[in-house]
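I opened this entry to keep a record of what I looked up, one item after another. The notes follow the order in which I went through the structure.

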Amino acid sequence: DALTGKPIAQETYGSYAYNDIGSLPQKDMIEKLAEAGIGFEGAGFLPEKALTMRDAARILCESAGSDARGWDDETLGMEAGYNGFVASEDWEPEREITRAEFVTFLYHFAGAPAVSDAELPFTDVPQGKYYYTPVLWAWENNITAGTSATSFGSKDPCTRAQIVSFLYQYLTRAEAPKQPE
């Protein structure tokens with residue numbers, strides 16, 4: 001620890017080791033995903049770090065059972081295109097993505113399921129935007145509760161902590177009460 005000079009305890013989950021998740025509300029989700037082979041490399045989980053397109057593609061590929069660690073950008077891009085969550089011409093591995101973009105990737109990864117005609121409570125997700133249907137799907141399936149009762153945070157960078165929350169809720173189809181991320 002830079003403040004005290006004492007070593008920081010590092011906990012290992014599956015093949016991932018993190019030293020900064022002890023007090024996070026997503027700690028259990030992070031542990032369960034890491035034990036299933038889904039996570040981020042490095043000693044720190046870095047919960048507030050913005051997600052890149054590369055990170056999103058690798059995490060989604062891992063959630064489908066591929067060991068995507070070590071894949072180069074070209075392979076990840078081809079896999080992302082094959083799975084339908086990013087077009088090859090839109091592949092920018094270093095670009096940070098927004099919450100709206102990740103939920104859109106996840107929606108297409110899930111096979112673009114049908115949604116109801118319900119109205120979203122989020123004022124920052126206008127009908128007609130490319131991410132309206134994906135956010136509606138995520139909200140209807142308890143994958144997201146937004147950043148507040150009336151905001152999804154569409155244009156906010158998607159953080160590692162948020163992707164874990166989205167992905168865990170998707171994979172487990174949790175029926176828990178909706179709480180903001």
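I began with helix 6, which in this predicted model has 13 residues and reaches 18 Å from its first C-alpha to its last, and I noted that this is close to the 18 Å expected at 1.5 Å a residue.

I next looked up how far helix 6 is covered, and found that eleven of its 13 residues are buried, so helix 6 is largely enclosed by the rest of the structure. The buried residues that I listed run from Arg-160, Ala-161, Gln-162, Ile-163, Val-164 and Ser-165 to Phe-166, Leu-167, Tyr-168, Gln-169 and Tyr-170.

I then asked which helices the buried residues of helix 6 pack against, and I wrote down helix 1, helix 2 (53–63), helix 4 (99–109) and helix 5 (132–140).

Of these partners I followed helix 1 (residues 27–35), whose axis comes within 10 Å of the axis of helix 6 (residues 160–172) and crosses it at roughly 65°. An angle of 65 to 115 degrees counts as roughly perpendicular, and helix 1 and helix 6 are therefore roughly perpendicular to each other. I also noted that helix 1 passes helix 6 in a left-handed crossing.

For the residues in this contact, I found Met-29, Ile-30, Lys-32 and Leu-33 on the side of helix 1, meeting Val-164, Ser-165, Tyr-168, Gln-169 and Leu-171 of helix 6. I sorted the residues of this contact by kind, which gave six nonpolar, two polar and one charged.

Last, I checked what comes just after helix 6, where Arg-173 takes a positive phi of about 50°.

Definitions and conventions
Residues numbered from 1 in each chain as written. Predicted model: local features only at pLDDT ≥ 70, side-chain atom pairs only at ≥ 80, totals over all residues. Heavy atoms only, no water. Axes fitted to C-alpha atoms, helices over the stretch in contact; angles between N-to-C directions. Helix = DSSP H or I, 4+ residues; strand = E, 2+ residues; numbered from the N terminus. Parallel < 35°, antiparallel > 145°, perpendicular 65-115°, else oblique. Left-handed = near helix turned anticlockwise from the far one by under 90°. Contact = heavy atoms within 4.5 Å. Nonpolar A, V, L, I, M, F, W, Y, C, P; charged D, E, K, R; others polar. Expected span 1.5 Å × (residues − 1). Buried < 20%, exposed > 50% of the residue type's maximum accessible area, 1.4 Å probe, protein only.
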